[in-house]
Amino acid sequence: MRFSRVALLLVTAACLFTAGCAPHPYYAAPPPPAGPPPLIERADHEGFRAGSEDGARDRVNGYGYHPRQDRRYHDAPGYDPALGPFGPYRDAFRNAYLRGYDQGFHRP
């Protein structure tokens, strides 16, 4: 009987120590989407286009370099509420507008 207690104790200990070694499934988050969201893409396109047009217009008409005074810079036109909130659109639009204005104004 003493032997069976020792054997039972060894078998129980072996089961407990090897139970934690079982493989567990690995879960990972899906990769982020490739490229910017559609809201930012649209703001970048619209802002750069509007800025380059306004910059070229100011250069041709002999106005100074004042991109933040143009109406389209403040209004951020082209926003579609279905794509997301206005704040990120406005910020991306204005950044792209400044890049486009600079290129349009300094184009040879």
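Helices (H or I, at least four residues) and strands (E, at least two) are DSSP runs, numbered from the N terminus. This is a predicted model, in which local features need pLDDT of at least 70 and side-chain atom pairs count only at pLDDT 80 or more, while totals for chains, interfaces and linings use all residues. Residues are numbered from 1 along each chain as its sequence is written, and side-chain values use heavy atoms, with hydrogens and water left out.

**Stop 1: the whole chain**

Show the chain as a cartoon. There are four helices and zero strands, and the order from the N terminus is α-α-α-α. The accessible surface comes to about 8,100 Å² (Shrake-Rupley method, 1.4 Å probe; for residues, only the protein chains shown count as cover). Carbon and sulfur atoms hold 63% of that surface.

Of the 108 residues in the chain, 23% are buried. Buried means under 20% relative accessible area, exposed means over 50%, and partly exposed is in between (1.4 Å probe, protein chains only). A contact means heavy atoms within 4.5 Å. Among the contacts with a separation of 6 or more, 73% are between residues 24 or more positions apart.

**Stop 2: helix H2**

Select residues 38-61, which are helix H2. H2 has 24 residues and reaches 34 Å from its first C-alpha to its last. That is close to the expected 34 Å, where the expected span is 1.5 Å times one less than the number of residues. Just after H2, Gly62 takes a positive phi of about 80 degrees.

Next, colour the buried residues of H2, which include Leu39, Ala43, Gly47, Ala50, Gly51 and Asp58. Which helices do the buried residues of H2 pack against? They pack against helix H3 (71-75) and H4.

**Stop 3: Ile40**

Select Ile40 in H2. Ile40 counts as partly exposed because its relative accessibility is 27%. Apart from residues up to four places away in sequence, Ile40 touches Pro88 and Ala92.

**Stop 4: the largest nonpolar core**

A nonpolar core is a set of buried Ala, Val, Leu, Ile, Met, Phe, Trp, Tyr and Cys residues joined through side-chain atoms within 4.5 Å. Select Leu39, Ala43, Ala50, Tyr73, Ala76, Tyr89, Ala92, Phe93, Tyr97, Leu98, Tyr101 and Phe105, the 12 residues of the largest one. H2 and helix H4 (86-106) each supply at least two residues of this core. Which helix gives the most? H4 does, with seven residues.

Stay on Leu98. Leaving aside neighbours within four places in sequence, Leu98 is in contact with Tyr65, Pro67, Arg68 and Tyr73.

**Stop 5: Asp54**

Move back to H2 and select Asp54. Is Asp54 buried or exposed? Asp54 counts as buried because its relative accessibility is 3%. Beyond its neighbours within four places in sequence, Asp54 is in contact with Asp70, Arg72, Tyr97 and Tyr101.

Show the side chains of Asp54 and Arg72, which are joined by a polar contact of 2.6 Å. A polar contact is a pair of N or O atoms within 3.5 Å; within protein, one must be able to donate a hydrogen and the other to accept it, and residues adjacent in sequence count only if both atoms are side-chain atoms.

**Stop 6: salt bridges**

A salt bridge is a side-chain nitrogen of Lys or Arg within 4 Å of a carboxyl oxygen of Asp or Glu. Side chains of opposite charge can pair when their charged atoms come close. The structure holds 10 salt bridges.

Select Arg49 and Glu46, whose closest N and O atoms are 2.8 Å apart in a salt bridge. Both lie in H2, three residues apart. Arg49 is partly exposed at 34% relative accessibility, whereas Glu46 is buried at 17%.

Glu53 and Arg49 are separated by about one helical turn because they are four residues apart in H2. An α-helix has 3.6 residues a turn, so residues three or four places apart point the same way.

Finally, select Glu46, Arg49, Glu53, Asp54, Arg57, Asp58, Asp70 and Arg72 together: a network of salt bridges links them.
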